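This report starts with the surface and the overall fold. It then turns to one helix and its surroundings.

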Amino acid sequence: MRVSEDEVAGLVRSRWGNLLAEIGDGAVDRYAEGVPVPKRAFAAAGALGLQAFPLPAAVSGEGADAVPWGRALEEIGYLCADPAFPIVVSIHTGVASLLCATGNEHLVATYAAPISRGECLPALAFSAP
């Protein structure tokens with residue numbers, strides 16, 4: 001996908017701007033209470049194609065490469081008052097992208113496609129030796 005930075009900014013604003021404003025509403029209070037981004041925010045974003053934007057067509061994605069996806073995340077950060085949202089969306093799509101890259105149809109159908117639609121939320125775990 002080849003689009004200019006301005007086109008990406010306009011796309012983010014037109015497709016997801018209202019949702020990002022909604023997600024940002026109450027973010028300060030959520031953080032004060034230790035409440036994470038609501039799961040419904042990811043479902044709504046998935047329904048609007050946000051998580052699919054950088055993913056391949058195999059999961060109904062648009063195949064945006066790293067530059068427009070990075071610009072989209074930057075614009076999401078400007079529009080959404082919840083600072084965690086663009087980071088978490090990036091992690092989710094990174095996991096889905098990695099699953100797609102395996103070429104394993106089971107992993108793609110079972111996990112990557114539902115992640116792209118916001119129906120499944122991946123998690124990361126870290127441990128220290």
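## Surface and charge

Accessible areas here come from the Shrake-Rupley method with a 1.4 Å probe. The model is predicted. On that basis, the accessible surface of the protein comes to about 7,200 Å². Carbon and sulfur atoms hold 58% of that surface.

The protein carries 8 positive and 14 negative charges.

## Overall fold

The protein has six helices and zero strands. Along the sequence the pattern reads α-α-α-α-α-α. The radius of gyration is 15 Å, close to the 14 Å that the globule rule gives for 129 residues, so the protein is as compact as a globular protein of that length. The C-alpha trace spans about 45 × 40 × 30 Å along its principal axes.

Of the 129 residues, 43% count as buried. Among contacts with a separation of 6 or more, 65% join residues 24 or more positions apart.

## Helix H5

Helix H5 covers residues 84-101. At 1.5 Å a residue, its 18 residues should span 26 Å; the end C-alpha atoms are 26 Å apart, which agrees. After H5 comes glycine 103, with a positive phi near 75°.

Which residues of H5 are buried? They are Ala84, Phe85, Pro86, Val89, His92, Thr93, Val95, Ala96, Leu99 and Cys100. The buried residues of H5 pack against helices H1 (5-24), H2 (27-33), H3 (39-47), H4 (66-79) and H6 (105-116).

Conventions
Residues numbered from 1 in each chain as written. Predicted model: local features only at pLDDT ≥ 70, side-chain atom pairs only at ≥ 80, totals over all residues. Heavy atoms only, no water. Helix = DSSP H or I, 4+ residues; strand = E, 2+ residues; numbered from the N terminus. Rg over C-alpha atoms; globule rule 2.2 N^0.38 Å. Buried < 20%, exposed > 50% of the residue type's maximum accessible area, 1.4 Å probe, protein only. Contact = heavy atoms within 4.5 Å. Lys, Arg positive; Asp, Glu negative; His and termini not counted. Charge placed at Lys NZ, Arg CZ, Asp CG, Glu CD. Expected span 1.5 Å × (residues − 1).
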